[in-house]
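Hi,

Here is the structure I promised to pass on. Have a look at it first, and my notes on what turned up follow below.

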Amino acid sequence: MKLVLGYFSIEDIQFAEEPRLEDGVLFVDEAALSAEVLADERLRAAHFEIARPGESVRIIPVKDVIQPRVKVEGGGEMFPGMASNVDVVGSGTTYVLEGMSVVTVGPIVGFQEGVIDMSGPGEVYSPFSQLNNLVLVVEPAEGVTPQEYEQAVRLAGLKTAMNVAELVRELTPERIEEFEHLNIVESSRKYPDLPRVAYVQMLQSQGLLHDTYVYGVDAKRILPTLISPTETMDGAIVSGNCVSACDKNTTYHHLNNPVIADLYKAHGETLNFVGMVITNENVYLADKIRSSNHTAELCSYLGLDGVIISQEGFGNPDTDLIMNCTKIEDKGIKTVIITDEYAGRDGKSQSLADASPKANAVVTGGNANMLVEIPPLDKVIGSSGYINVIAGGSAGSLKADGAIEAEIQVYTGATNELGFNKMSAR
Amino acid sequence: MAKEIERAGFPVAHICTVTPISKTVGANRIIPAIAIPHPLGDPSLDPANDKKLRREIVENALHALTTDVTEQTIFEE
Amino acid sequence: MEKFKVVHYINQFFGQIGGEEMATHPPEKRSGPVGPGLGLTAQFKGEAEIVATIICGDGYYNENMDSAAAAIVEMVREEQPDVFVAGPAFNAGRYGVACGAICKAVKDALQIPVLTGMYEENPGVDMYGKEIYIVSTRDSAAGMRSALPVIGKLLLKLARGERIGASVEEGYFSQGIRVNFFEEKRGSTRAVEMLVKKLADEPFVTEYPMPSFDRVDPMPAIKDLSTANIAIVTSGGIVPHGNPDRIESSSASKYGEYSIEGVADLVVGEWETAHGGYDPTAANHDADCVVPVDVLRDMEQEGIIGKLNPYFYSTVGNGTAVASSKQFAAEMAQKLIEQNVSAVILTST
């Protein structure tokens, strides 16, 4: 498979009646986008806001962050099996709107979603503070179950991103990048002397607001499988989770997976990036055993020398991580794992729920329990009150003046376990 | 928690789904459960069978509490 | 602005009194910097000054630990310094132990920031590295030039009361406390580079060394179940409807004690979960699937168990620090002792 990404850099977003991209400024028609969202009768109200880097704006509670992309060549459309037909993607040409995202906001089950601070001391914990964000705020219709509502908001975000990206379908991108994924025979012929490396991506699959979808399939129902890294760039993996937002992968993360990007950078130089395996993090022990067995078998089948394993979330998935790591190491394949830590507010507790001496190469996204005090920002998109009940907050987190005192766990993507950020801990 | 309560002098039966974690952190009497969101039940069963399943796990826990152990033990059914 | 006042501790060798033959030299105080203190002063760039230097023989300190420490602490107290610094001791074992010990003694007695420096294999690191800042140096005095800027920088940060960064940033030995900081490269790049090194059998440094867990001896079994008082404890966050104690959905700061006296079944609408780490649908519908009151109540009626303890204890084990969990459990255990509980069923989600 070969995929070409064509980039358009978005310097600003403005509302306008005539949607267009002009000199790096994206003009969107709010009324038309809202009408599309409200075609879903599970949603009662929808409106858009714009949050730009450096503005004194807090967005809460954040459900998902999505980068607008459109497929202009090759099979399928973006987000196959979710927002388009379930065709194979990952080949051809896809256009990317860089420097912006669509952020979905809305109360989902009443508690637990993330925060983005566009400026102030919280900015460094908010990777998406660097983007121009088109924020979709939705409210559920009466009588809609949390499950239905979650699905409706997820789809609204994906569709909005696709609608926005349609604007560039006929334009010429500013720059392009090419990603090739060879079959295993070709790749071993091409790089016979380089170590064979694959990426094992663990997908959160623990239930409502803790799920991930692969070509529309709930990841808790998959067996570990091979997937082309280029498929993820076309939206084959979609986020359905936002609880304990600091270490959950948004759809933006899946589209821009930094492990894949960095393995491609090293590909042909210091290693041969053979491919990737996706697996899940289920709530049944038998599933954990089965999935980690299967993951190790697939790695062995690929004849690998090394693997990078990324986790999503924490707690019982620490066991999935350790099982994957030890079983792959037992096959004689060297591993590096990427995780984050829950070492307590004082940093003195054990960071992971599980451990093994075989996990001797760990990259960490930092301690999610770190407490921060953040002064108020001028504007809140959504509602500040949720800070008291989301994971990482506590009663009294929201001060009378709008300041917050909470763990960095509340910030969307703060301790991301794909290695998206520079934060670490020692 | 299991260790801290045991340290205070109580035998503890730790009912949990992810028994490997319990083993790693050091519980002594470990009872396998059904699933993380519902360790002692299965919402897909009818109420009577759900309760029966729960009773079996509790009986296994009580069995563990009346059994002397010298090392970490997982009480499979 | 007034300069920060620093007292510096060095041994007889760096105090230019003599070598091993002078190791029995008792503590003495001189005003101003001596030996390495001159180089250290240059690092302060006028922001701090060494007001006094205490010189003590390594042999003397190690053979008279308590009295030497007491005497030196008094010498330091007289100067009322803002910071106390010792060494660096490099790989000199007795000097390193003396530096670590006197830093700890001064810190405990005077409550001022302290620091020293030494080589990683110096026994002083093992003995005092978790309690005080010890800057990592080379193994001999040839490393003085590279050690002093690191010591000087950390010393000024401590004097100013600034937040101290992670051990790798500041150059001190890890104290076992996890501190966040920003690396130059993103995590995925670090992972790829670490893997390339591991594949080439080159040395690499893990960012998180795996912990070892302590063990507790198993308590004896209950002899007679039919007279036993069984208590339930859960980390699954089961609480009365509305979560009256407002136990946090993650990183819990508290636990709840809830009466189940006369309760035969935890019914929907009266009990729910506060836990944010799992899908709450099943537990909110029937909390017995986390806290099995219904089954244990039946067994109490049937005479299989003596009784079900009238209270159960609940917290949320989601991202909750081990230290907090330990504290909750220790407090619960005290209550369980008062309630004459025989054994505990602990359920986790």
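**The sheet in chain A**

Let's start with one pair of residues: A:Leu5 has A:Thr94, in strand E8 of chain A, as its bridge partner. Before going on, some housekeeping: this is a predicted model, in which local features need pLDDT of at least 70 and side-chain atom pairs count only at pLDDT 80 or more, while totals for chains, interfaces and linings use all residues. Residues are numbered from 1 along each chain as its sequence is written, chains are lettered from A and ligands numbered from 1 in the order in which they are written, and side-chain values use heavy atoms, with hydrogens and water left out.

Strand E1 (residues 2-9) of chain A and strand E8 (residues 92-98) of chain A run parallel, joined by seven bridges. (Helices, H or I with at least four residues, and strands, E with at least two, are DSSP runs numbered from the N terminus; two strands pair if DSSP finds at least two bridges between them.) Both strands belong to an open sheet of four strands in chain A, ordered E7-E8-E1-E12, with mixed pairing. Strands E7 (69-73) and E12 (175-180) of chain A are at the edges with a single partner strand each, so one side of each has no neighbour in the sheet. From one strand to the next, the twist averages 25°.

Helix H2 (residues 146-165) of chain A lies across E7 and E8 of chain A, at about 55° to E7(A). For such angles, axes are lines fitted to C-alpha atoms, for helices over the stretch in contact, and the angles run from 0 to 180 degrees between N-to-C directions. Contact here means heavy atoms within 4.5 Å.

Elsewhere in chain A, E6(A) and E10(A) pair antiparallel over three bridges, and A:Arg58 has A:Asp117 in E10(A) as its bridge partner. From strand E10 (residues 114-117) of chain A, A:Gly114 and A:Ile116 point one way and A:Val115 and A:Asp117 the other, and all are buried. Buried means under 20% relative accessible area, exposed over 50%, and partly exposed in between (1.4 Å probe, protein chains only).

**Nonpolar cores**

A nonpolar core is a set of buried Ala, Val, Leu, Ile, Met, Phe, Trp, Tyr and Cys residues joined through side-chain atoms within 4.5 Å. The largest one has 70 residues, and those with the most contacts inside it include B:Leu62, C:Ile230 and C:Val233. Helix H3 (residues 47-65) of chain B gives the largest share of this core, six residues. A second, separate core has 60 residues, including C:Phe4 and C:Val114.

**Where the chains meet**

Buried area is the accessible area (1.4 Å probe) that two parts lose on being put together, summed over both. Chain C and chain A bury about 5000 Å² between them, 58% of it on carbon and sulfur atoms, with 49 residues of chain C in contact with 76 residues of chain A. C:Arg178, C:Asn180 and C:Met210 account for 14% of what chain C buries there, more than any other three residues.

Between chain A and chain B, the area is about 890 Å², with 68% on carbon and sulfur atoms, and the contact takes 12 residues from each of the two chains. On the chain A side, A:Val283, A:Tyr284 and A:Leu285 lose the most area, together 50% of what that side buries.

**Salt bridges**

How many salt bridges does the structure hold over all chains? The total is 52, counting a side-chain nitrogen of Lys or Arg within 4 Å of a carboxyl oxygen of Asp or Glu. B:Asp50, B:Arg54, C:Asp286 and C:Asp294 form a network of salt bridges.

Within chain A, A:Arg52 and A:Asp12 meet at 2.6 Å, N to O. The two are 40 residues apart, with A:Arg52 in the loop between strands E5 and E6 and A:Asp12 in strand E2. A:Asp12 is buried, at 16% relative accessible area.

Cheers
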